[in-house]
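Subject: Structure for you to look through

Hello,

Here is the structure I said I would pass on. Please open it first, then read the notes below with it on screen.

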Amino acid sequence: MPKSSSNSIPVQHIAKLSNIPITSDEEEALTHAFVDTLKVVEELKSVDVSKVQPTFQVTGLENVWREDMIDEKKMFTQAEALFNAKQSYDGYFVVPQVIDQD
Amino acid sequence: MLNTLTLKNTIDQLKRKKISHKELYTDLRRSLEQNSELNAYLTLNEHMEKDVENLLDTPLAGVPIAIKDNFCTKNVRTTASSTVLDHFIPQFESTATRKLKEAGGVFVGKTNLDAWAHGSSTETSQYGRTLNPRNKEHLPGGSSGGSAAAVASDMCTIALGSETAGSIRQPSAWCGTVGLKPTYGRVSRYGVAAMMSSTDSPGPIGKTVEDTAILLNYLAGHDQNDGTSSSKEVPDFTQTIGKSIKGMKIGVVYLDHPGLASIKTLFEPQLKVFETLGAHVEYATALNPSYAIGDYTVLQRSEVSSNLARYDGIRYGNDRSLFGAEAKRRIMLGTFTLSKGYADKYYSLAQKVRTLFIEDYAKLFQKYDVLVSLTSPGFAKKIGASEGSAMFGELEDMLLEASSITGLPGINVPCYRDPATNLYLGMNIIAPMWQEEKVITVGDAFEKNTDWNSWSTHG
C-alpha cells in the first residue's frame with residue numbers, strides 16, 4: 001500500500017482491496033469521511049498502552065472444539081444451497097471470471 | 001386494546017382465558033394499520049393468526065413478537081435493511097428466533113434497522129427511515145430502531161433486537177422502551193448478520209424490565225453453532241424481579257462530560273429514588289468515554305470489513321455495488337485499519353485500549369454493584385440528523401461503547417419524559433459480565449418506584 005497520512009488516504013486502492021466500486025464523487029466524500037473519522041481515532045494515541053496486552057475477545061473462552069462429525073440435520077440440500085444464487089448451472093454456482101483479468 | 005398489555009400480562013391473561021388470541025390479534029392488526037407510516041416493519045407475517053393456533057400451552061402462549069431484520073428466519077425474507085439482500089430468503093433459522101418459536105412466540109414481522117446494523121438512527125436503512133412513535137418528527141435511534149418503534153407503538157408485545165454498541169439501549173432510550181443488552185456470549189449470534197463479531201449481542205426490547213427478563217430466559221444459553229456462546233449456567237432472570245436494592249452500591253458515571261450539560265439537570269434528580277430505596281449512590285470516575293469512541297470505531301470498522309467480505313453476490317444476494325454509503329465507509333475504513341503498515345497503528349492499539357477499559361471497570365466493580373449513566377447524550381434527534389455525518393452513531397453511543405467493547409450486560413430504562421415534545425431520556429445500568437440479574441433488579445426497582453414507564457400501572 002502506498003504511504004499516506006490521514007490527509008492523503010489511498011481511497012481508490014482501498015476500494016479495490018474491498019472490492020467496492022466507487023465513483024469519483026464517492027471518492028471525494030469518502031476521503032472527507034475518513035479524515036473526520038481518523039481525527040477521532042487519533043485521540044487514542046495519547047493513551048499509554050506500553051504495558052498493556054491486547055484483548056481480542058472478552059469471554060475468556062479458549063480453544064472451543066467440536067467433534068469432527070457430519071450432522072446431516074445441519075446440512076443444506078443442493079436445492080437449498082442454490083436457492084438464493086443469482087445464477088446456477090447444473091447444480092453449480094456460476095461465478096464471475098477472476099483469472100486472466102487485468 | 002390488548003396489544004398494549006405487557007408481555008407478562010398478555011401471557012397471564014391468555015392462559016387464564018381472560019383474553020383470546022383472536023381479540024389480541026385483532027387489536028394488533030388495527031395497530032399495524034394505524035401505525036404503518038412509522039415504517040417499523042419491512043416484512044409482515046401475513047399468517048400470524050394461523051401461526052398462533054395450538055400455542056396456548058407453550059411458555060410464550062402465542063404472543064406477538066417483532067424480529068429485527070438481521071436475524072435469519074427460514075423461508076422469510078431477511079434483508080438487514082440493505083438492498084444487497086433484497087431478495088434473500090434464508091434456508092435456515094437463527095438460534096435466537098428458533099428458540100423464541102420453540103417457546104411459543106409468533107412473529108409479527110421483520111423490523112427496520114440501520115443497514116447492516118451500522119448506525120444509531122435507522123436512517124441508513126436502504127428501505128427508508130423509521131419514525132419515532134413518541135414524536136414523528138424525530139428519529140427512533142438505532143440500529144434496532146424498528147424494533148423499539150414497534151414496541152413503543154404497541155405493534156407487538158415485545159421485540160428482538162441486537163446490540164453491538166448501543167443498538168438495543170439507545171433506540172430504547174429514544175423511544176421510551178426497555179432494552180436489555182445481555183453479556184456478550186449469553187445469547188447465540190448464530191444466524192445474525194455478523195457486524196462486529198467480538199461484541200454482537202442479541203437481546204430483548206420490551207415494555208417493562210420484567211418483560212425483557214422473561215424473554216431473555218428463552219434466548220439465553222450455549223449454542224453449539226456459536227463457539228463464542230457461553231456454557232455458563234443460565235439463571236431464571238425473572239427471579240430477581242421485585243427484589244430490594246437496599247444496601248446496593250450504585251456508582252454514577254460519565255455525568256461530568258461537557259456534552260451532557262443540558263440534560264444533566266434532568267437526570268440527576270432521578271437518582272434520588274435509589275437512595276429512598278436504601279441504596280448508596282455515589283459519583284464515580286471512569287475512564288474517559290471519549291477514548292471509547294475512537295476505540296470502538298477502529299474495532300468495529302475492522303471487524304465489519306472482514307464480516308462483510310462474504311457478500312459477494314454469488315451464493316446469495318446482490319453484488320457489492322449496492323452497499324449504501326455508510327456500509328461502504330465502514331468496510332473501506334476497516335480495510336485500511338487492518339492493512340499492512342496500519343494494523344499495528346490502529347487495530348492493535350485499539351485492542352490494547354479495550355484492555356484498559358476492562359481493567360477500569362474491574363476496579364469500579366470492586367466498589368460498586370452497578371454503574372449508572374445516561375443512555376444517550378440527548379433526546380431523540382430530528383429526522384435527517386444523521387445525514388452527512390460519518391460519526392453520528394459513534395457520538396450518539398459514546399456512553400455505551402465502553403460497556404459494549406468489554407462485553408458487559410446493560411439495560412435502558414426510561415427515566416424522564418419531556419412534556420413539550422413527548423420524548424424520553426433513558427438511564428443505562430451496567431454490571432459485571434454474567435450479572436444481568438443486577439441490572440434487572442436495579443432497573444425493575446427504578447421502574448416500579450417512578451412514573452416514567454408509559455405502560456406502568458403503579459407509581
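**Overall shape of chain B**

For its 459 residues, a compact globule would have a radius of gyration near 23 Å, and the 20 Å of chain B agrees with that. The radius of gyration is taken over C-alpha atoms, and the globule rule is 2.2 Å times the number of residues to the power 0.38.

This is a predicted model, in which local features need pLDDT of at least 70 and side-chain atom pairs count only at pLDDT 80 or more, while totals for chains, interfaces and linings use all residues. Residues are numbered from 1 along each chain as its sequence is written, chains are lettered from A and ligands numbered from 1 in the order in which they are written, and side-chain values use heavy atoms, with hydrogens and water left out.

Along its principal axes, the C-alpha trace of chain B spans about 60 × 60 × 45 Å. Chain B has 15 helices and 11 strands; these are DSSP runs numbered from the N terminus, with helices being H or I of at least four residues and strands being E of at least two. Of the 459 residues, 68% count as buried, meaning under 20% relative accessible area, against over 50% for exposed and partly exposed in between (1.4 Å probe, protein chains only).

Among the contacts in chain B with a separation of 6 or more, 76% are made by residues 24 or more positions apart. Contact here means heavy atoms within 4.5 Å.

**Strands**

Strand β2 (residues 64-68) of chain B is mostly covered, with 5 of its 5 residues buried. Pro64(B), Ala66(B) and Lys68(B) point one way from β2(B), while Ile65(B) and Ile67(B) point the other way. The strand β2(B) runs parallel to strand β3 (residues 106-111) of chain B and is joined to it by 5 bridges; two strands pair if DSSP finds at least two bridges between them. Within this pair, Ile65(B) stands opposite Phe107(B).

Strand β7 (residues 249-252) of chain B has two parallel partners to look at. With strand β8 (residues 280-283) of chain B it pairs over 4 bridges, and Gly251(B) has Glu282(B) as its bridge partner there.

**Helices**

Helix α7 (residues 209-219) of chain B has 9 of its 11 residues buried, so it is largely enclosed by the rest of the structure. Among the buried ones are Val209(B), Glu210(B), Asp211(B) and Leu219(B). After α7(B) comes Gly221(B), whose phi is positive, near 130°.

Which residues does Asp444(B) contact, leaving aside its neighbours within four places in sequence? They are Val209(B), Ile241(B) and Gly242(B). Asp444(B) belongs to helix α15 (residues 436-448) of chain B and is buried, with a relative accessible area of 2%.

Gly145(B) is in helix α5 (residues 145-152) of chain B, and is buried with a relative accessible area of 0%. Not counting residues up to four places away in sequence, Gly145(B) touches Asn112(B), Thr122(B), Thr130(B), Pro140(B) and Pro171(B). Gly145(B) and Thr111(B) are 34 residues apart in sequence and 8.1 Å apart in space, C-alpha to C-alpha.

Regards
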